[in-house]
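Let's take a friendly tour of a protein model together. Have a look at the sequence and the fold first, and then read on.

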Amino acid sequence: MGSYVSFANCGLPYFIGDVIVEEEKLLVATPALFENRFNIRVHTDTEVLSIDREQQRISVCNLKTSKQRDEHYDALVLSTGSKSVWPDIKGLDLPGVHVLRTIPDSRQIKAQLETIQRAVVYGRRLSGTGIG
Ligand SMILES: Cc1cc2nc3c(=O)[nH]c(=O)nc-3n(C[C@H](O)[C@H](O)[C@H](O)COP(=O)(O)OP(=O)(O)OC[C@H]3O[C@@H](n4cnc5c(N)ncnc54)[C@H](O)[C@@H]3O)c2cc1C
């Protein structure tokens, strides 16, 4: 996972539009809250590299130190979410083209607001999900 354990994705557009002004207001929960309230230890900036189902172990990498280690689990819940879709459209690698999924994404867009006059928001309906 990235640096933020829980944040309000739905608040990101409001953060960009200055309806939510303080970035901390996007943070729904912190690792400390998870630990104190639920006795759950959260490892931010840590990527799961592989799963050994026989041994019930996962191999993880600390993305800040690049150190790898193994962790044991009794039960494993996969909830890897998704990534933004980058459609096959020419020019998507140009500066000024962004996706919006994370807090760092929203920071990048917000930083450009001073210099842009027109913006296009592109999304596509995911068939069968009712979302979009
Ligand atoms: C701009 C925006 C607005 C939205 N507005 C709404 C709304 O108003 N209402 C609504 O219901 N939904 C909204 N959503 C959708 C909602 O945020 C998502 O449906 C929800 O975040 C999905 O949760 P998730 O836990 O499945 O995935 P995610 O939130 O994507 O979490 C998955 C996590 O898994 C981590 N991960 C992935 N691979 C690994 C790995 N190998 N090792 C370790 N960690 C890994 C990722 O880093 C991430 O932290 C919005 C989303 C966006 C982007």
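The radius of gyration is taken over C-alpha atoms, and the globule rule used with it is 2.2 Å times the number of residues to the power 0.38. By that rule a compact globule of 132 residues would come out near 14 Å, but this protein chain has 18 Å. Please keep in mind that this is a predicted model: local features need pLDDT of at least 70, side-chain atom pairs count only at pLDDT 80 or more, and totals for chains, interfaces and linings use all residues. Residues are numbered from 1 along each chain as its sequence is written.

**Overall layout**

- The C-alpha trace of the protein chain spans about 55 × 35 × 35 Å along its principal axes.
- The protein chain holds 3 helices and 5 strands; helices (H or I, at least four residues) and strands (E, at least two) are DSSP runs, numbered from the N terminus.
- Read from the N terminus, the elements follow the pattern β-α-β-α-β-β-β-α.
- A residue is buried if 20 or more other C-beta atoms, placed from the backbone, lie within 10 Å of its own, exposed if 12 or fewer do, and partly exposed in between.
- On that scale, 4% of the 132 residues of the protein chain count as buried.

**The sheet**

- S3, S4 and S5 form an open sheet of 3 strands in the order S3-S4-S5, with antiparallel pairing; two strands pair if DSSP finds at least two bridges between them.
- S3 and S5 (68-72) stand at the edges with a single partner strand each, so one side of each is left without a neighbour in the sheet.
- From one strand to the next, the twist averages 30°, with axes being lines fitted to C-alpha atoms (for helices, over the stretch in contact) and angles running from 0 to 180 degrees between N-to-C directions.
- S3 and S4 (residues 57-62) are joined by 6 bridges; Thr46 has Asn62 in S4 as its bridge partner, and Asp52 stands opposite Arg57 in S4.
- The hairpin of S3 and S4 has 4 residues between the strands, and Gln56 takes a positive phi near 55° there.
- S4 and S5 are joined by 5 bridges, and Val60 stands opposite Arg69 in S5.
- In the hairpin of S4 and S5, with 5 residues between the strands, Ser66 takes a positive phi near 65°.
- S5 is hardly covered, as the count of buried residues among its 5 residues is 0.

**The helices**

- Helix H2 (residues 31-38) is also hardly covered, with a count of 0 buried residues among its 8.
- Just after H2, Asn39 takes a positive phi of about 60°.
- Ile103 belongs to helix H3 (residues 103-112), and it counts as partly exposed because it has 18 C-beta neighbours inside 10 Å.
- Not counting residues up to four places away in sequence, Ile103 touches Tyr4, Phe7, Glu23 and Leu26; two residues are in contact if their C-beta atoms, placed from the backbone, lie within 7 Å.
- Ile103 and Ser3 are 100 residues apart along the chain, yet their C-alpha atoms are separated by 9.5 Å.

**Around the ligand**

- Among the 14 residues around the ligand, Asn9, Cys10, Val48, Thr80 and Gly81 come nearest; a residue is near a molecule or strand if its C-beta atom, placed from the backbone, lies within 6 Å of it.
- Helix H1 (12-16) and strand S3 (46-52) are the elements that give two or more residues to this shell.
- By class, the shell has 6 nonpolar, 6 polar and 2 charged residues; Ala, Val, Leu, Ile, Met, Phe, Trp, Tyr, Cys and Pro count as nonpolar, Asp, Glu, Lys and Arg as charged, and the others, Gly among them, as polar.
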